[in-house]
Amino acid sequence: MTASPSGPRRSFRLYLVALFLPAALIFSTSGIVNYQLNPLAYDRGHIRDVAAELNAGRNYANYDLNINWRALRRAQIQQMSAAPDVIVFGGSRWWEAHEEIVPGRSFKNLWVSNDQAEDALALTYMLEEAGRLPKIMVLSLRFISFQPPGERDAQEWQEWAPEYRAMAERLGIEPHSYLTTTPVRQWSSMFYAPAIYNRIQQLSKVNETAGSTTERQKQELEVIASDGSIYWSKETDAKHTKDFVDKAVATELEKVGNKQPKIDPSLVAAFEKVVEHLQKKGVRVVLAQTPYHPSFWNTVKDRPFGKTLLGLESIATDMQQRHGIISVGSYDPAEMGCVAEDYIDHIHARPACVGKVLRLVPDLAAAG
Amino acid sequence: MSFNSYIFLFVFLPIVIGGYYLLTRLFISQRPAIGWLVAASLLFYASLGPGYLLILVGSVLLNFAVARAMGRAAPDSGSRRVVLIFGIVTNLFLLGFYKYTGFLAENINALLGTDFSAPVAAYPIGLSFYTFIQIGFLLDAYVGQVERLSFLRYALFGTFFPYITAGPLVRQDEVFKQLDTPVRERTGVLQIAVGATMFAMGLFKKVVLADSVAPFVATLFDAANGAAPIGAINAWTGALAYTFELYFDFSGYSDMAIGLGFMLGIKLPLNFNSPLKATSLVDFWRRWHMTMVRFFTNYVYTPMAAGIMRRTVRKKLPEPVRLLLVLCLPVFVTFVLVGLWHGAGWGFIVSGAVHGVGLAVNLTWRELQAKYRLPDIPGLVGWVLMMLPLIASLVFLRAANLGSAIKILAAMLGLGAAGDVPPGAFYGTQSLFGLNVVPAIAWTVLLGAIALLFPRNTQQILERYDVALPTLPSPEEKPRIRLQWQPNLRWAITIAMVAGLGLVFVAGPSPFLYYLY
């Protein structure tokens, strides 16, 4: 190898400037384009507008469901004109819980993607600040609700970090560090170039345009209903064949393997404090667990993963006994009378099955 | 925080480099600057996981104390040797405790029907690397190769963030000798420009090339762990994809590490030298993870081979036995240990054994070729003979278990179960300019073309600036195409595009593969 030539420093300085500027341009262009192509993921103004549409009783059709659900829910809560009778909150396993399940009551499904225990604190804070606490709050526990933050793959919960911290302070809970709650990954994704390509591909294949609608189901676009639930497009519905579902279950079983998600006792304690707080505010709290696909459940119940699920059911039962709250549902589909045809994958059940869980809640629907 | 995260790129690195350069210019002594790097390295390591930092700090303190104790003992004294053995055993015990107890427990349970479990679940990232770096240090200190031992310098050596998580496996003299030269002579705008260029190319290799093919690799290996049959084309596509993924991931990481070190005025040893262009397995291992090969050669293979030679030199052994003992046995054992070093599992051991057998055959051929003047193997044939065991070994490395690995290899040989699906159905298709393509195949072909046909690798592009230290002797290569970096506008735009693409691919899911080891 030859010795390093010294070269004039000026040329290296100019090189660095000439390197930095185009690189920064590529980087910022990627961000701007993603921002424009995915307004429901990044554009807070647009998210507020969509929330207003939903609160006004209109539905909203979008290209997919990969949006910032927590930002949308925040905007919905801030713009709610009245407190709903019933709020269902949890992860996407609730996404097809429609208002028809709860006739005679005002109903809001505020499900978010990849729910965590911290979300219960944040949601309660937002509802309380807006003066919109419901009469009945349905919460639920999923397999990684109480997983320590450092072990989580999904970081969407960080969107509600300010509200989580505020509620933690209110309840006297030590919050996670700022480093843990800063939503780096969420904003990082705005600069991800392959997302632009995927979005352009999506837009080029679709004839319909995203926007407000009175329809509940569209041919190509997914619909976010005014009650907060979702309706699959006809095209997406058609994909949910038995083969598709069986393959999804098999894939998830391989992914789960012998993993046993942890249950962090401090997060359980924080969740309990929220439950107590809601009860003091006169809210009837219900813990509702949705069942898994039968093939999935029958395999995982004997694996370490099943131990976590049993642990969560024990937590729910324990809270029921100590706080007098209602706990309904089960991860076991046989207990709920749910069958394989009720599922689109290992965990997401159709309205018929989800409805069976909610109808176990006494007086959920208005009498008469 | 990893090299390919925005927090590292936009927050940690600018602050560390800025603070370091400021301290080197404000103070004549480099102690504040070294202290700054040590603090930054500890912060970097702490960000990787709770509790990891204590293990690293404990390891560094222990090894420093052992080196000091050896320094106080008389040369050739028995106590010096005892201290060395204590140091090495303690290091290996720490590594074994965190890395191998689970594997040991699994096998004991399988054999005896017991129910043991590993005492700890989390493996501290980089433990294999910084343990071996420090064992190398102790061995060098034992033979008197460490001239001056200061805690601050040793702390930097033991924790330096560019190499602490996945190498290169540096030697103490490579770092300490550089620290002996005035820091202002080895830092400046040249180092920033060249180091940033190296880093950008590494980032591109990792997040654009390696990570783009990763999902397809996962598709194959997840399927192999299930019941679905796998066809030959799908098996070959995924296996090749993994070969290229691992190469670009690890060599990309190494480029980034070297670039970071260069920016901070510390050259690191080269770790990759276009290994997939090798035309024999022996040549491959002079080009792949070179610092690891150097370590195992210096501290395992050579002493073992020399010891066997000493024991057999006076015995008149038949030629095949002599070849087996002196040539084949040491290389086989060394590479089984290499496999085990990579991970605690039978797949890793088998992977190492595949290379051990392949190298034994290769070395034996070379011996016989020299003795009996046998013809050279044509380059292409040699390349195929290198790639086949390499791909097979990597299948064992990546597969969830031996059964999955065998399933993939059987499929590659056309012996897979019937009922497989075409690549489009297996890996998915995408429309590209009106054509229905299988991205898995397209990406694999592209990565293969780059790995095999791109005329110069990153250090060759930067060879005017000696961006890395030489690790192993490699043959002089006359480049057919002169592709040499210079600080001019053309290169600035080129590297800006490389860096820009790297930055906009960072946000995808992307852990370093070699963090697992």
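**Exercise 1.** Does B:Thr187 count as buried or exposed?

*Solution.* The model is predicted: local features need pLDDT of at least 70, side-chain atom pairs count only at pLDDT 80 or more, and totals for chains, interfaces and linings use all residues. Residues are numbered from 1 along each chain as its sequence is written, chains are lettered from A and ligands numbered from 1 in the order in which they are written, and side-chain values use heavy atoms, without hydrogens and water.

Step 1. Buried means under 20% relative accessible area, exposed over 50%, and partly exposed in between (1.4 Å probe, protein chains only).

Step 2. B:Thr187 has 5% relative accessibility and therefore counts as buried.

**Exercise 2.** Determine which polar partners B:Thr187 has.

*Solution.* Step 1. A polar contact is a pair of N or O atoms within 3.5 Å; within protein, one must be able to donate a hydrogen and the other to accept it, and residues adjacent in sequence count only if both atoms are side-chain atoms.

Step 1. The side chain of B:Thr187 forms such a contact, of 2.8 Å, with the side chain of B:Arg25.

Step 2. A polar atom of the B:Thr187 side chain also lies 2.8 Å from the backbone oxygen of B:Val183.

**Exercise 3.** Identify the buried residues of α11(A) and explain their arrangement.

*Solution.* Step 1. Helices (H or I, at least four residues) and strands (E, at least two) are DSSP runs, numbered from the N terminus.

Step 1. The buried residues in α11(A) are A:Val245, A:Val249, A:Glu252, A:Leu253 and A:Val256. They lie on the same side of α11(A), because they cover an arc of only 105° around the axis, taken from the directions from the helix axis to the C-beta atoms.

Step 2. The face turned away from this buried side carries the exposed residues A:Asp243, A:Lys247 and A:Lys255.
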